[in-house]
Each structure stands twice: as structure tokens, then as C-alpha cells.
Amino acid sequence: MSFGSSLLSPPPHLLRRKRNRISPFKVAANVPDFLSADWFESRKKKPFGPRLDFTAEDAVHHQLEALKYNDQPRQDYGIEVMYRFAGFDPFERSTYFGPFFDLGQFERFRRIFHHSTYRVLLGHKERKIMSSLFVEENKYKQRIWVRGCRPEEEEIFQFTMVQRVGGCWDGYWLTESLLHNTDTFSGGLAY
């Protein structure tokens, strides 16, 4: 065996390993395909949330519509939409509902909507805008009267919308706070 031929052929111990190796195509064939047939089409559908072309009034309207039909197409979908519009930092305590709450987890946010004060918004029957005001160029407040689906269930809420400037949410209207007309958490709330 010459020196040149030894450089071209691999050592014998590598040849033995090569024969015992499993083909990558056989392994890939054993991996199940969990994606549905319409997966690609479903990826095109974006979840409903803030849009750049929404005005502040549009953003409030779409959130209230989502809460009106809260359980369509799935349970608490309207609250999910509200969470997408929420303009708080999930890593900081928030005054979204008035007092400082840790709302970083969706479940905590959801529980507050099921509290007796905010549940009037879920599946409400009627609502009327009481007042609207641009406090600043990029800050909008709207007071809304809401009649719930239960007898004698009426409440007033105030949305505060803020249009973000800079960053990835530049130009979007997000909800800074959703406040009840009275101090509802003075007795405390287990969220």
C-alpha cells in the first residue's frame, strides 16, 4: 500500500461504523405528522387583536364586541382579545383594572373578568357611549354604560386607550386601563 492510496481510503474502523449506521430517511419516515391538512391555510389567519388601521374608537368597539360574544368561537375568546389589546408590561404590576395587579399570566386577567363587577361585560345585551374625549394627542378616554344579560345588571366603565409611539407597536391603539365607575376592589379580590 502506497502513501497516496492510504490518504484516499478511510481507515478500516470508519468503514465498519458506516455499515451499521441507520439511514436518515428511515428515521424521518418514522416521525408522525401531527399537522392537519389545513395547517398552512390556518397559519394565514392572524388572531384578532390590535390593527394599525384602527382608530381609538374602533379599538374600543372591537373589544366590546368580542366581550359581547365572549364564548364564540371558543370559551373566553373575548377575554383573549382584550388581553391582546392590553397595553401593560406582563413583567410589571399593572393598574389596568385600577389597583396594582400582577396580570402577566392570562389566567389572572381572565379571573378578574369573571369577578362580579366585570362579568357584566361578558355577553352583555346593550351598551351606550356616555362620553368620549381625546385627553392628549395619543390618549383617548371613553365612558360606556353596559346592560348585562342578568336582570338589573347595569354598570359604567371607562376605557383609556393609548397610541404607542416607537417600538414594534408604533401607531397601535392599546388599552391602558379598563376601570369600573366605583372602587370595586376595596373589599379585595383573590385573583
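Q: At roughly what angle do the axes of helix α5 and helix α6 cross, and within what distance do they come?

A: In this predicted model, local features need pLDDT of at least 70 and side-chain atom pairs count only at pLDDT 80 or more, while totals for chains, interfaces and linings use all residues. Residues are numbered from 1 along each chain as its sequence is written, and side-chain values use heavy atoms, with hydrogens and water left out. Helices (H or I, at least four residues) and strands (E, at least two) are DSSP runs, numbered from the N terminus. An axis is a line fitted to C-alpha atoms, for helices over the stretch in contact, and angles run from 0 to 180 degrees between N-to-C directions. Here the axes of α5 (residues 56-68) and α6 (residues 77-85) come within 7 Å and cross at roughly 155 degrees. That makes α5 roughly antiparallel to α6, given that angles under 35 degrees count as roughly parallel, over 145 as roughly antiparallel, 65 to 115 as roughly perpendicular and the rest as oblique.

Q: Which residues of α5 and α6 meet?

A: Contact means heavy atoms within 4.5 Å. In this case Ala 59, Gln 63, Ala 66 and Leu 67 in α5 meet Gly 78, Ile 79, Val 81, Met 82 and Phe 85 in α6. Sorted by class, this contact has seven nonpolar, two polar and no charged residues, where Ala, Val, Leu, Ile, Met, Phe, Trp, Tyr, Cys and Pro count as nonpolar, Asp, Glu, Lys and Arg as charged, and the others, Gly among them, as polar.

Q: In what order do the four strands of the open sheet stand?

A: Two strands pair if DSSP finds at least two bridges between them. The four strands form an open sheet in the order β1-β2-β3-β4, with antiparallel pairing, and the edge strands, each pairing on one side only, are β1 (126-136) and β4 (173-180). Between β2 (residues 139-147) and β3 (residues 154-163) the antiparallel pairing extends over nine bridges, and Lys 139 has Val 162 in β3 as its bridge partner.
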